[in-house]
Structures are given as structure tokens and as C-alpha cells.
Amino acid sequence: MEKLTDGHIVDWNDNTVMKRLFERFYLPLRSFAFRHVGDDSITEDFVQTAFLNLWERRENFRLVSAVKGFLYLNVRNACLNYLKRKRVEARHEQELAREMSEQESVDAALEEEVTALVYEALKELSEQARRIVLQTMEGASNAEIAERLEISVNTVKTLKLRAYRILRERLKGVQWLLFLHLLLD
Amino acid sequence: MRKLHDGIEVLIYHFLTGNLTPEERMKLDEWLVLPGHADLFRRICDKERLLQGTLRYDSYDKEDAWRRLERQLREARVTEVGNVGRRRIGKRWWWAASLVVPLCVAAWLLTNREEKPLALAENGRTEIVPAMSGARMLLPSGEVVDLTNEGEGDLIFQDGKLVQEADGVMAYVGDTLGQEVRYNEVQTPRGCEYQIKLPDGTMVWLNAASSLRFPSVFAGDCRRVYATGELYFEVARDEDKPFIVELEDGYSVRVLGTEFNLRSYEREPRTTTLLEGQVRVGGPAGQVVLKPGQQAVDLKDGKELFVREVDVNSVVAWRRGVFLFENARLEDIMEEIGRWYDVEVFFENSAIRDERFSVEMRRHDSFAEVLKLIERTGMVKISINQNNVFVK
């Protein structure tokens, strides 16, 4: 499937277009919603509804960038409404996420967009391998990681080596290279 | 919300992957000097944060979410097909809404009598009666015959040997002398319904504004008929001669022996609903095989033909002499009723078209009764002028 970049014109008559927009934006939007409300049990509906709203109003959008703006805004509004409602119901009994300012939301959207690209790039790296990398960053030893993930130390080492190769190849930005050597120690 | 940092994500990503071109670096630098951006950049590039982000992505079930969305999108499209067509037709009648209507009120309307005067216009004296059993038939000879079940006497027609049976059912006994196949056509106008028995014993119920073309004898290796509108078929079993209903646009339903409902009115999706047996539905958008309780929906865009589970009872309620709408749009309800009572319905307040109602009523009630039921919700005012009904 062709990648949908910002300047791309959306052909609403194309049968696959909603699927492609979904592929492109679903995960970052979910995570974006999570950042706003701090609870993943309700964010699925927010994102689904945003896509349905998009479909209803599709005639208004030509560029992928416009679609993107609409989706993020829609999810943000759903999150803020949810928080407002909750606040009335809970009357401060419950710990609720602080409402993000507009600027914070815009920044969060950028962060999700970058994360989505990195996620695509690291697809080949299993969830477990990424977990191991994270724990290494946090300073855990091979033995500790092995115990936590209930795998052998050798497996940890193998996965680290694989992670090293993929990270080096896919994310060879300077900041990563410094860190990557840690993985090999 | 303010404008997103459009395009910056690609720059940051290229920075992370070490693929930043000189121009991109310049653009990124320009962005970085703006207030707050350097901090944001550092935060986004934080390795731990990034990896944690990807792990959160792993926790979402994208496939499952897509399946749910796909279903909802389809339903949305089913509603749209109708709306688009209707808007085209009735545009000049749909002036802007001036009333504020509460959202999404569903009302259960029952057929009990709790009278409240109906605000019918004074000049709305015309008695509007429900559809009658009646149709007309075009014979191969070109002759047009009026078929009303009220008609007394033996209706035996020339050529095709038409016989009037009891209870308004017309039996058609084909000419078996093996001449060339000639076609008859039964048409029900708006406000009429009809039942017919075909030469092979198949029973067909025609709802209002429908037609069925069939040969005087089913020669050859299949039984082929042509239909429009809404029809209910009880196909006589014949393993050797499949029964095929052809509709416009190359859409067809193929069966051996079974019961199914076919609906193909203009400006709405085409549906085939199976009650018993098995049917194969095919059209430009592909083919599907239905199991009982399933409905094939064709959006008439030549692209999609899909299957969904439906409440069969409400689909074939018309055959039992009942209108049954569950959480249906007022516009769809009025369109159906209009076909039955042969009236034109105009919405003077277009917002009300999308109000949803659940209604169950007898098809043979007088039109005034039916309108009373709808008015009782207090959400709409209905006035009648000749055969035109105005809703606001």
C-alpha cells in the first residue's frame, strides 16, 4: 500500500482509503488519547468515533494533513469532554489527568507522529526485544532481565544482539549510536 | 486546536535514522529555534520514552479495532446510499430547519388508542386509504389486464390461461404446448400489493411499487424471472432447475428451493434476506452465499456486496400486514409509508428527517391513524394537502 504522506490528496472513492488512513493514524491516536486521559479502557471508542466522524464529513477534506488535523482535534475534544464529565461525577474523589493545554496537545501529537514512524521502523524487533533494550537502559543486568522475563540469560543475550543490529541499521542517528554499545557489553 | 507541527515528524524521524538531508537539517534548525521547540525535540528523541511509546502501541489491538470500524462504516454507508439519492430528488423541498429538535429520541408507538386530535389541515379532506390488493398484468399479446382481488367471477384469460383462485391469489397456469417463451409482467402500483403463483408453483408476494416479469412456461434448464421493488419468494423446490431472479445492474439471486425477501427500490441499498434454504447472490460487486437469517446488502456502487445478520421478522413484516421499524430514520419510515399509501411526503424541517423512531403498526390502518401515531411523539407536525403530506 502506498504511504499516505501529509501532502497526499485523499481519494474518497478509493475503497481502501479508510483502511489506509486507519493503518496510518490508529495507533498514534490511541496513544495520544491515553496521554490526555491516562486510561486506556475508554480511548478505543474515542478513536473509533473520530474515524466515523471523518467519514461523515469526508467531503470537507482533500489533503492527508487536513485529515490528520481533524482526527487529532476530534480525539482531543472527546478526551476533554470525558474529563469534564468525570470531574462532575467524581467531585474530586478521583485522581484525574490534568487537562492538557492546546499547545501541549499539539506537542503530544507531534510526539505520537514520530513514535509511529519509529514503531514502523522497529516492526522487525519483537516486543520482548524492545522490552529488553528498555530494561538495559534502566540499568538492569542480563541476569535480572532474564529473571523478570522468565527467559534464559542466553536468550537475553541473543535478543540484545539482534536488537543492536536492527537499531543500528534502522535508527543510526547519533544519539542512538552512543547508547547502542551498551547493548553489547 | 492550534495548527499541528506539520511535517516536522518526518524531519525528526530522519534525524533519528541518520538520514537528514542538508535542506531538512536547515528546516529542522529553523523550527528548533522557536520557543519551546528545543525542549520538545529533546523529549521526543528520548530513547527510553520512544521505546516505551512503541510498547504502548503493542498493547492496542489494531486488527480488532479495524473490524469494528469496518462494520460501522458499512452501516453508515447503507444509510448514506438512501440519503444521497433522496436529496437529489427532493432538493427544492428541503428548506432549512427552523425548529430545534431534541436529539435522538426514540419513541415506542403502539397501536392502542389514546386519542389526541390530529392537526390535519382543513383542506386535507381527501381520504387516504391503505394499499389494496391489486395489480395489473401485461400479457404477451400486449394486452393490459387489471387484476383486483375484489373482482368477482372467473378470470380466465386467453393465451396464458390465467385463473383466479381464492383469497386474492392468482394462479398462473402456463401454456405447456412448448411454443416460444413469452413473458408476462405483473406490476403493483404505489398503494397496491399482490400475490401470484407462478407456473412452477412458486409463490410470490409483491409489495407496493414492484414488478415481476416471468415466462408463460419455464422452458430450458433454469427458471428465470425479472423483478423490481420488494418481493417475497417461496420458491417451489426443483433441484434440476434453479430459480433465478434477475434485477437491474446485473444483480441476480439464484436458488433451488427456498424462502427469501428481495428488496430493490430506487435510492436505497439492494437487499436479499434469506429465511430458509440457501441462495447465491451475485452482482457486479461479486458473489455471496447466504445462510438463513442473513442479508446480502448491495450498495449499488458496483464495489461492495456484503453480508450481515438481521432480524428476519422485521424484514418480512410487510407480508404479515405490519409495518415494523426499529430505530429507523423518520425519512425512511415516511418513504415506506408513502409507497404504501401512495402519498408524496415532504419535509419542511429537514433536521427531523434523521430523528429515529421505533414503530409497529398495521398496514391496513387508515392513513390518519398512522399519522396520529407519529404525531403523538410530539416531535413532528403533519399536514395533508391532497396526496401530499408535509412533515415539520
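In chain A, the side chains of A:Arg87 and A:Glu99 form a salt bridge with an N to O distance of 3.9 Å, a salt bridge being a side-chain nitrogen of Lys or Arg within 4 Å of a carboxyl oxygen of Asp or Glu. This pair links distant parts of the chain, with A:Arg87 in helix H3 and A:Glu99 in the loop between H3 and H4, 12 residues apart; helices (H or I, at least four residues) and strands (E, at least two) are DSSP runs, numbered from the N terminus. A:Arg87 is partly exposed at a relative accessible area of 29%, and A:Glu99 is partly exposed at 32%. Here buried denotes under 20% relative accessible area, exposed over 50%, and partly exposed the range in between (1.4 Å probe, protein chains only).

The model is predicted, and local features need pLDDT of at least 70, side-chain atom pairs count only at pLDDT 80 or more, and totals for chains, interfaces and linings use all residues. Residues are numbered from 1 along each chain as its sequence is written, chains are lettered from A and ligands numbered from 1 in the order in which they are written, and side-chain values use heavy atoms, with hydrogens and water left out.

A further salt bridge in chain A joins the side chains of A:Glu124 and A:Arg170 at 2.8 Å, N to O. A:Glu124 lies in the loop between H4 and H5 and A:Arg170 in helix H7 (residues 153-170), so the pair ties together parts 46 residues apart in sequence. Both residues are partly exposed, A:Glu124 with a relative accessible area of 45% and A:Arg170 with 25%. Over all chains the structure holds 47 salt bridges. In chain B, a network of salt bridges links B:Glu230, B:Arg263, B:Glu266, B:Arg267, B:Glu268, B:Glu335, B:Glu336 and B:Arg339.

At the interface, 61 residues of chain A are in contact (heavy atoms within 4.5 Å) with 47 residues of chain B. The area buried between the chains is about 5,400 Å², of which carbon and sulfur atoms give 64%; buried area is the accessible area (1.4 Å probe) that two parts lose on being put together, summed over both. Seven salt bridges are found across the interface. Among them, A:Lys68 pairs with B:Asp6, with the closest N and O atoms 3.3 Å apart. Another is formed by B:Lys62 and A:Glu23 at 2.8 Å, N to O, and crosses from helix H5 (residues 62-90) of chain B to helix H1 of chain A. B:Lys62 is buried, at 14% relative accessible area, whereas A:Glu23 is partly exposed, at 30%.

In strand S17 (residues 294-298) of chain B, B:Gln294 is buried with a relative accessible area of 11%. The side chain of B:Gln294 makes a polar contact with that of B:Glu309 at 3.1 Å. A polar contact is a pair of N or O atoms within 3.5 Å; within protein, one must be able to donate a hydrogen and the other to accept it, and residues adjacent in sequence count only if both atoms are side-chain atoms.

Helix H8 (residues 367-375) of chain B is largely enclosed by the rest of the structure, because seven of its nine residues are buried. The buried residues include B:Phe367, B:Leu371 and B:Ile374, together with the charged B:Lys372 and B:Glu375.
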